[in-house]
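Hello,

Here is the structure I promised to pass on to you. My notes on it follow below, and I hope they are handy for your own work.

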Amino acid sequence: MARKERRVGYGLPVVLAIGLHLGVLVLSLLHWPASEPEPSSASIVKATLVSTETATDQAQRAQEAQARAAEAQKQAEQDAKAKQAEEDAQAKAERQAREQAAKQQQAEAARQQQLEAIEKARQQAEEAAQRRAEEAEQAAQRQAAAEKQRKAEAEARRQAEAEKQRKAEEARKQQAEAEKQRKAEEARKQAEAEKQRKAEEARKQAEAEKQRKAEEARKQAEAEKQRKAEEARKQAEAEKKRKAEEAAERAAQAAKQAAQQALDQSIAGEEQAIANARQAAQAANGFKNLVKRAVEQAWIIPASASNQLRAVVHLTLLPTGELVDATIQKSSGDPTFDRSVLQAVERAAPFREMRDLPPSAQRQFRDFNLDFNPEDVR
Amino acid sequence: MKRLTPYLCGWLILLFSSLASADLTIQITKGSDQAIPIAVVPFAEQDGTLPEDIADIVSNDLARSGQFDPLARSALVATPHTSDQVYYRDWRAVDSNYVVVGQVTPQGNDYRIQFELMDVYGEKRMLGEAVTVSANQLRAGAHYVSDKVFEAITGVRGAFSTRIAYVTAQGAGDDRQFALHVADADGHNGQQILGSDDPIMSPAWSPDGKKLAYVSFESGNSAIYVQNLATGQRVQLTSFSGINGAPAWSPDGRRLAMSLSKDGQPEIYVMDIGSRGLQRLTNNDSIDTEPSWAPDGQSLVFTSDRSGGPQLYRYNLGSGQSERLTFTGNYNSRGRFSPDGKTLFMIHRGNDGFHVARQDLDTNRLTILSDSRWDESPSVAPNGSMVIFATQQGNRGVLSVVSADGNASYRLPSAQGDVREPAWSPFMN
């Protein structure tokens, strides 16, 4: 886009510049065909090859062309001024000559003179008008040219300015871009560095940890080893000590035993009695549970029984566990129910396990009660 | 002193335990759920030509009640026929609580049945009786023995001499035949008392056991009849338009409750049999049916769907008010009171079908009794110990009996065809 604009921007001024030069050349050729060409162009230039670089050469050439153009322009302006001055001088001389001729021919007939004079005046007027018209045209042409040039200059300036600005802008943009890139690059580099640093750190840490663990394990193993050795040593020591103590103890015990034997023998009977009593209590409890289980198993609760029915049976047993007697101590009021509980006792008896009871416990069960009270009947 | 303390304690323990022994009482709170072991020794007979085995019938009766476990004949240790011959120790040895002995002697055309019951553990003779029956009543004689033994041991009157009525249906389509039968409670001695091409339903025993009320469609419409069993005479009691159904005798035998739809929906009515006067008890938009009297005659239980599904309600004749009795499940129908009025038997729909169930009217606890799935028409034995009901075996309707506690059940010998709607008679004497 910018490139296209630039192309359009250069085209017009070039054309205008060429047009201006051509115009100036035409004017100078039209009015001053006899004028001498530039002395510089005619003079002989002794040229020496300083550099073969085409790029600089071209640039120089462009500069030279520009310089030449400027000079040609200056020359053209000078020429134009000179031409006017000469024209003015010529016009003055002609007028003076005409005045002189008029004065000399004053002798001629006044009428003819007058006619001539009128004719001349007419011609002069015509010439003057023509000249003025030409002058006006020239002025207009000059003005147009000047205007063109001014415009061209302005355009060139604007163009140059725009170019400069664009370039500046471009440069700025480039710089910004570069800056951005630089920063991004920097950040990336930094991140990379950080990453690397961290990885390195982790690696180092892992390594350190590994090392630490290994060290620890080693230490532990060592400690364990030491501890075991210590323990073994201690144990050996303790064993030794214990044996010594035991030996002492045995000796002491033997003496003590000998001393206490007499007393112990005297209490032995009573100790036995206590043990028997405890055993009897335990046995009694076991027998109680046995009777309960046996009677419950043998009791067929009548279908007509309700939860309210309750009967107590008194039992008398022989030490062998045989049932001597079972009587209703407290009747339920329902003969069927009473019969069922008596049958249950009879069915469950004899309770031969009673023979295994210690005599003290046997005494408890010589007679006791059974309280029949069904918890969950239908 | 320090050494002496434990000895002192020991003596104290002994002292207290010996004191305690004077009051030692062991609590017995549970029983065995086994049936009562009993030995029924074969009855002596003179020539061995008796057409019925009395002891066998008695054993079967007692066993069916679920409350007895008769000793197998092969396990009998002796065969005494009188109490003199009974050695209690023998029967103790086989764990029998009771022994039944007896003998049958011909007396002209009749037979005299003597029997005795002994309490083995109590070593006591509990019962000694004799009954004379005709040759074709030997089974009834045996049931009489069962009744007496049952009552002596359980304290509850035996119901082995009672009867059952039931309806049979045979054939299919136009050939379908309906019949009303009466038989012994054990299913023997069945007799047809009515036959019809049209359905017969809802037989109901009069309280004296001499008449049956039932519904017959023989006239093309339902109608309630009452038939005298001895004479075969019968009368049509109702033939209102619509449903004439579910007759139920009042305990005094003078009134009949029933379900009539003559005024719209089926409602409960009570008819005075003498005057044929009709009293309407219920009046609403729902179906009220299957009335049954409480033993005291003061109220009736009936089935109503007024709450949506069938539930049981009690109509109080004094107040004229109905109250709902069943709340367990969404189907409870055909209520029947136990003889003591404390329990209600019914058909209850559970998760897996229709069962006979029992509800305690004090606690309202409902217990499912039967394990069959399509049970209907429960009817309670007059002693309340058993419930007879109809159920399905394959595609056939059969009769089944379950004990009131649900522990025992048996199936009656199957008659021909479909059997349904059993009704247990009252005591006959």
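Arg172(A) and Glu169(A) form a salt bridge, with their closest N and O atoms 2.7 Å apart; a salt bridge here is a side-chain nitrogen of Lys or Arg within 4 Å of a carboxyl oxygen of Asp or Glu. The two residues are about one helical turn from each other, because they sit three residues apart in helix H4 (residues 110–298) of chain A. Helices (H or I, at least four residues) and strands (E, at least two) are DSSP runs, numbered from the N terminus. In general, an α-helix has 3.6 residues a turn, so residues three or four places apart point the same way. Arg172(A) counts as partly exposed at 45% relative accessibility, and Glu169(A) is partly exposed too, with a relative accessible area of 32%. For these classes, buried means under 20% relative accessible area, exposed over 50%, and partly exposed in between (1.4 Å probe, protein chains only).

A word on conventions: this is a predicted model, in which local features need pLDDT of at least 70 and side-chain atom pairs count only at pLDDT 80 or more, while totals for chains, interfaces and linings use all residues. Residues are numbered from 1 along each chain as its sequence is written, chains are lettered from A and ligands numbered from 1 in the order in which they are written, and side-chain values use heavy atoms, with hydrogens and water left out.

Back to the charged pairs. Over all chains, the structure holds 47 salt bridges. In chain B, Asp186(B) pairs with Arg139(B), the closest N and O atoms being 2.8 Å apart. This pair links distant parts of the chain, 47 residues apart: Asp186(B) is in the loop between strand S9 (177–184) and strand S10 (191–196), and Arg139(B) is in helix H4 of chain B. Are these two partners buried or exposed? Asp186(B) counts as buried at 4% relative accessibility, and Arg139(B) is buried with a relative accessible area of 14%. By contrast, the salt bridge of Lys262(B) with Asp263(B), at 3.3 Å between the closest N and O atoms, joins a partly exposed lysine at 28% relative accessibility to a partly exposed aspartate at 45%. Chain A also has a network of salt bridges that links Glu239(A), Arg242(A), Lys243(A), Glu246(A) and Arg250(A).

Now the interface. The area buried between chain B and chain A is about 3,400 Å², with 54% of it from carbon and sulfur atoms; buried area is the accessible area (1.4 Å probe) that two parts lose on being put together, summed over both. Chain B brings 35 residues to the contact and chain A brings 33, where contact means heavy atoms within 4.5 Å. The rule finds one salt bridge across this interface: Glu346(A) with Arg92(B), the closest N and O atoms being 3.4 Å apart. On the side of chain B that touches chain A, helix H1 (4–20), strand S1 (25–28), strand S2 (36–40) and helix H4 (138–154) each supply at least two residues. The largest share of that side, five residues, comes from H1(B).

Next, the chains one by one. Chain A has six helices and three strands, which run α-α-α-α-β-β-α-α-β from the N terminus on. Of its 378 residues, 17% are buried. Among contacts in chain A with a separation of 6 or more, 74% are between residues 24 or more positions apart.

Chain B comes to four helices and 31 strands, and 49% of its 429 residues count as buried. In chain B, 39% of the contacts between residues at least 6 apart in sequence join residues at least 24 apart. Helix H2 (residues 54–64) of chain B is mostly covered, as eight of its eleven residues are buried; among them are Ile54(B), Ile57(B) and Leu62(B). Gly66(B), which follows H2(B), has a positive phi, near 85°.

Ser338(B) counts as buried at 5% relative accessibility. Leaving out residues up to four places away in sequence, Ser338(B) touches Pro295(B), Thr343(B) and Phe345(B).

Best wishes
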